[in-house]
Amino acid sequence: MTMASIETNEFGLQTANGSVDIVGVSKFFGDVVAVDSIDLRVAPGEFLSLLGPSGCGKTTTLRMLAGFENPDGGSMYISGREVSALPPYKRDVNTVFQNYSLFPHMTVAENVAYGLRQKRVDKKEIARRVGEALEMVKMTKLAKRKPRQMSGGQQQRVALARALVNNPSVLLLDEPLGALDRKLRQEMQIELKMLQRDLGITFIFVTHDQEEALSMSDRIAVMLEGHIEQLADPDTIYEDPKSAFVAGFIGQNNFWQGTATTRGLKAYDGTEIESAKMQSGIGAGSAVLACVRPEAIEVTSTDPGSGANRVAGVLAGVSPLGDIVQFVVRTDSRELLIRAPRREAARVLPGDPVWCTWAASDAYVFDSSQSDLVLVDPTTENAPSGD
Ligand SMILES: Nc1ncnc2c1ncn2[C@@H]1O[C@H](COP(=O)(O)OP(=O)(O)O)[C@@H](O)[C@H]1O
Ligand SMILES: [Mg+2]
C-alpha cells in the first residue's frame, strides 16, 4: 500500500471510500488526557492496528470515530466526509466489540438482521444480505441458534456478520479476539485477515497484543499515554523502534542503563556498548538506555578478547523452543536472554563459561526518560501488556 496512490482534495484530505483522516483530535476526561492531539491517516483497504498498553487511548480513539464519544478538539474524516457532527448510524463505519454484545433472546439471523430492520429495509433485501453476511463468516448452518448455544468464537463471528451486513467501508474492531483462548484466537486472526483482504474493507483494529498486531497489520500505530509513539509497518516497528518504549513493548529486548558516550553507552554494570543505531540528539554524558534483541546476540565458548559489545557469563539455562533454542546467560550483575537456531544448543552446556557478543548495528541507544516503562526483565517476563 503506497501513500502516493492516495486521492486527496485541495485541503490534503482523502476523498475515497474507506479512507480515514484524523487531524489533531483530542479527548479529555476531567484531568485525564485520554487522546492527545493525534494525527492519523488510514488508506482505503488498509489494515491498521492501534497497539499499546491498557489506558493509552485506543478505545477512546475508536469510539470517537464510531460516534460514541465527542472529541474535544480536531476533526475526523471518513470516506472524505467530516463526521464529528454525524450520529453513529450516519457514518460509513461499524464497530465490533470484544464482548460481542449480541441480543440473547434473538437467533443468529435475527441478530444480524436487527440493524437492517431498524432501518426498515425491504424484507427480501434483508434476507439476502443476512445470508451473504453469514456466509462470509461461515455461520450459515447456525443461523437459527441463540447466542448461548454457541462458543465464544462463533458468537464473535455473528458480531462480525452483524457489522458487515451494513456494508461499511470502514470496520472498527476493539480487541475483538480478546476473549478467545490462544489457539482459537490464532485461527481467527488468520480468517479475519483473509476476510479483510477479500472484502477490501478498511480495518482499524485495536489490540494490546503485540504479536497479534505484528502478524495482521499493514501498519501499526504504537500508542502511549494518548499519543502515537510510532506509526510504521510491522517490520520497521520491530527492527527500527523509534523509542525505548517501542523497543520494550514490541518483542523482547535486553536493556542496559548507563551514560551516553560518543559511540554508544557505558553501562552502569561496566558493559561497553557501541551502537550504529543511536537515537539522534543524544548528548555525551546523558542518561540513556541501550537494547539488543535476543536473536542478535551470539553465544560462544571462546573468549572474543577485549572490546565493546561483549559480556562474559555462565550459561544458566537452555530451553529448546522447537526450531530455536533460548539461552539465559548469567553475569555478575544480570541475566541476558538469547535466542539462537536449534543446532547452536549442541555447542554449549548449562554451567559452561560463555561470552555474549553482538554487532554495533544490532545495538540501539535511546534517551532514557521513559525508562520506567521498559525495564522489564526479559528472562522472567514478556513485554508489558495491557489488560
Ligand atoms: N468514560 C470515561 N470516563 C473517564 N475516564 C475515561 C473514560 N474512558 C476512558 N477513560 C480514561 O481515558 C484513558 C484512555 O482510556 P482508553 O481509551 O479506554 O484506553 P485503552 O483502550 O487504550 O485501554 C484512560 O486513562 C481511561 O481511564
Ligand atoms: Mg480499550
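Let's start with Arg41, which is partly exposed at a relative accessible area of 25%. On that scale, buried means under 20% relative accessible area, exposed means over 50%, and partly exposed is in between, using a 1.4 Å probe and protein chains only. This is a predicted model, so local features need pLDDT of at least 70 and side-chain atom pairs count only at pLDDT 80 or more, while totals for chains, interfaces and linings use all residues. Side-chain values use heavy atoms, without hydrogens and water, residues are numbered from 1 along each chain as its sequence is written, and chains are lettered from A and ligands numbered from 1 in the order in which they are written.

Now, which partner does Arg41 meet in a salt bridge? That is Asp21, at 2.8 Å from N to O. A salt bridge here is a side-chain nitrogen of Lys or Arg within 4 Å of a carboxyl oxygen of Asp or Glu. Arg41 sits in strand E2 (residues 32-42) and Asp21 in strand E1 (residues 20-29), so this pair ties together parts 20 residues apart in sequence. Helices (H or I, at least four residues) and strands (E, at least two) are DSSP runs, numbered from the N terminus. Asp21 itself is buried, at 4% relative accessibility.

Next, please look at helix H3 (residues 123-136), where Glu132 and Arg128 lie 4 residues apart, about one turn of the helix. Their salt bridge brings the closest N and O atoms to 2.8 Å. Glu132 is partly exposed at 39%, and Arg128 is partly exposed at 42%.
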